[in-house]
Amino acid sequence: MYLTGGDDRSPGAADDAAALATEPDTFAALWALLRHDDVAVRSRAADAAEKATRERPELLQPYKCDLIHPVLEDGTPELSWHLLPMAARLELDSNEAARLMRRLQDAVLNNPNEIVRAEALAAAFGLAARHRRMLPRARDLARHAQCCGSPALAARARNLVAGG
């Protein structure tokens, strides 16, 4: 009910849903909405899930495969830019982390949406913070973003390299 109706930019709805989705059962119901037919509902559900998992990243573990592999991707940047930060919060083994880093690298290098590229770059640094052997790849992506990205992406890359 919080995620239907209104326009595509109803952040209050996602905030309300995120506040409710702090337990595994309610989060599971929210996660199911990532496959809803309405793109606005999918986007709001992703926003709510991303917000809820900032404080409770363990809620994501049952959905690890959905996040490592782009099975939920629907081609809309509004969904992608929420899924990428969530993916970087997962507890992953080294093989899973490598698979996710490849996905993030592809998004930074090839996604046409600037926000998706910026979120993928930030997620790569988040992943590298927990999997230190990934740090050179994250830095390489940042160097690429600084020379080949938009001014906003280049600024984000400089900020990430500086530790911000």
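**Leu121**

I started with the contacts of Leu121, setting aside neighbours within four places in sequence. Leu121 is in contact with Val108, Ala138, Leu141, Ala142, Ala145, Leu153, Ala157 and Leu160, where contact means heavy atoms within 4.5 Å. The model is a predicted one, in which local features need pLDDT of at least 70, side-chain atom pairs count only at pLDDT 80 or more, and totals for chains, interfaces and linings use all residues. Residues are numbered from 1 along each chain as its sequence is written, and side-chain values use heavy atoms, with hydrogens and water left out.

I placed Leu121 in helix α7. Helices (H or I, at least four residues) and strands (E, at least two) are DSSP runs, numbered from the N terminus. Is Leu121 buried or exposed? Leu121 has 0% relative accessibility and therefore counts as buried; the cut-offs are under 20% relative accessible area for buried, over 50% for exposed, and partly exposed in between (1.4 Å probe, protein chains only). I also checked Leu109, which is 12 residues from Leu121 in sequence and 9.5 Å from it in space, C-alpha to C-alpha.

**Helix α7**

I took the span of α7 next. The helix covers residues 114-130, 17 residues in total, and reaches 25 Å from its first C-alpha to its last. That is close to the expected 24 Å, the expected span being 1.5 Å times one less than the number of residues.

At the N-terminal end I found a cap: a side-chain oxygen of Asn113 lies 2.9 Å from the backbone nitrogen of Ile115. I listed the buried residues of α7, among them Val116, Arg117, Leu121, Phe125 and Leu127. The buried residues of this helix pack against α5 (77-87), α6 (94-110), α8 (135-148) and α9 (151-161).

**Nonpolar core**

I looked up the largest nonpolar core and got 49 residues. Such a core is a set of buried Ala, Val, Leu, Ile, Met, Phe, Trp, Tyr and Cys residues joined through side-chain atoms within 4.5 Å. Those with the most contacts inside it are Phe27, Trp31, Leu34, Leu67, Leu104 and Leu121. Elements giving two or more residues to this core include α2 (24-32), α3 and α4 (64-68). Helix α7 gives the most, with 10 residues.

**Thr53**

I turned to Thr53, in helix α3 (residues 39-55). Thr53 is buried, with a relative accessible area of 0%. Which residues does Thr53 touch, not counting those up to four places away in sequence? They are Phe27, Leu59, Leu60, Met86 and Arg89.

I then looked for polar contacts, meaning a pair of N or O atoms within 3.5 Å; within protein, one must be able to donate a hydrogen and the other to accept it, and residues adjacent in sequence count only if both atoms are side-chain atoms. The side chains of Thr53 and Arg89 are joined by one of 2.9 Å. A polar atom of the Thr53 side chain also lies 3.2 Å from the backbone oxygen of Glu50.

**Whole chain**

I counted 9 helices and 0 strands in the protein chain. Of its 164 residues, 46% are buried. Among contacts between residues at least 6 apart in sequence, 66% join residues at least 24 apart.

I noted confidence last. The mean pLDDT (the predictor's confidence in each residue, from 0 to 100) is 87, and 87% of the residues reach 70 or more. Over residues 1-10 the pLDDT is below 50, and this stretch has 20 contacts in the model beyond near neighbours in sequence.
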